[in-house]
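Here is a short briefing to read alongside the model. Have the sequence and the 3D view open, and follow the topics one at a time.

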Amino acid sequence: MRNFIFPGEVVAERQLRMDNTYIENGVTRSCIFGVFDDERRALIPLEGVWKPRSGDIVVGVVSDVTRNSYRVKLTDHFEGIYVPGKMEGTVFKVGDVMEAELGPVGRRPVIELERPRRLSGGVLINVKPVRIPRIIGREDTMIRQIIDITKCRVAVGRNGIVWISGKNLGIAMEAILKIEREAHVPGLTNRIKLMLEERIKENKSDSNGF
């Protein structure tokens, strides 16, 4: 069962170690607006902004190229910078889509990027960063089934940018946007699976002229 939780509302009448909560007078309270999932014992945020963490995988667009570095737009408030080593041969240009890992995160809005990869072709969609964990799913179950069923290539950035490439990218995009809208709905993984299978079947029927 899932219940909507408001900031300051009691999540548990005892002390629990849980993201997006705080302890007050021996009880656990929410510090966000979200949904409490009894089965997962997790508080799922429904609103909020991306808080960069070292190790986050992000997707961004190269916005500037200098002699020894690349600037990458990650959000309206955060920018990445990638400084390639002497032996690294990948060359980017303005407008290229890059997937990378965040290095050390400080207080500055410019964050060092590591292990970049160019994402060629495809489309970018923006989703609420707080929905990204739901799009990925526990142990990657949600995103894995989208990739397996649509045969698309998908890169999901913790900063709320998703890159999709492939013949069925429209179907994959529909699924991801549906997850964003219905992140709080129980049984969503199975519902998305059924939707994907139905859309793929419809596509095959259309291709065969039926």
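**An enclosed strand and its surroundings**

Five of the six residues of strand S10 (residues 97–102) are buried, so S10 is largely enclosed by the rest of the structure. Please keep in mind that this is a predicted model.

**Partners of S10**

- S10 pairs with S7 in the antiparallel sense, over 5 bridges.
- Within S10, Met98 is the residue that stands opposite Gly60.
- Strand S11 (residues 110–119) is also joined to S10, again by 5 bridges and running antiparallel.
- Here Val97 has Leu119 in S11 as its bridge partner.

**Nonpolar cores**

- The largest nonpolar core has 25 residues, and the members that touch the most others are Ile143, Ile146, Val154, Val162, Ile164, Ile176 and Leu196.
- At least two residues of this core come from each of helix H1 (132–136), helix H2 (141–150), strand S13 (153–156), strand S14 (161–165), helix H3 (169–181) and helix H4 (188–207).
- Another core lies apart from this one; it has 13 residues, including Val58, Tyr70, Leu74 and Ala100.
- As a general point, nonpolar side chains in soluble globular proteins tend to be buried together.
- Which residues is Leu196 in contact with, leaving aside its neighbours within four places in sequence? They are Gln145, Ile146, Ile149, Thr150, Ile171 and Ala175.

**The open sheet**

- Three strands form an open sheet in the order S12-S14-S13, with antiparallel pairing.
- Strand S12 (123–126) and S13 are at the edges and have a single partner strand each, so one side of each is left without a neighbour in the sheet.
- On average, neighbouring strands of this sheet are turned by 20 degrees against each other, with direction ignored.
- S13 and S14 run antiparallel and are joined by 4 bridges.
- Val154 has Ile164 in S14 as its bridge partner, and both Val154 and Ile164 are among the residues of the largest nonpolar core that touch the most other members.

**The second largest pocket**

- The second largest pocket holds about 290 Å³ of space.
- It is lined by 18 residues, of which Leu74, Thr75, Asp76, Pro129 and Asn159 are the closest to its centre.
- Strand S7 (57–65) and S12 are the elements that give two or more residues to the lining of this pocket.

How values were computed:
Residues numbered from 1 in each chain as written. Predicted model: local features only at pLDDT ≥ 70, side-chain atom pairs only at ≥ 80, totals over all residues. Heavy atoms only, no water. Core = buried A, V, L, I, M, F, W, Y, C linked by side-chain atoms within 4.5 Å. Buried < 20%, exposed > 50% of the residue type's maximum accessible area, 1.4 Å probe, protein only. Contact = heavy atoms within 4.5 Å. Pairing = 2+ DSSP bridges. Axes fitted to C-alpha atoms, helices over the stretch in contact; angles between N-to-C directions. 1 Å grid on protein atoms, 1.4 Å probe; cavity = no way out; pocket = protein on both sides within 12 Å on 5 of 7 lines; lining within 4 Å. Points joined across faces, edges and corners; volume = space filled by probe spheres on them.
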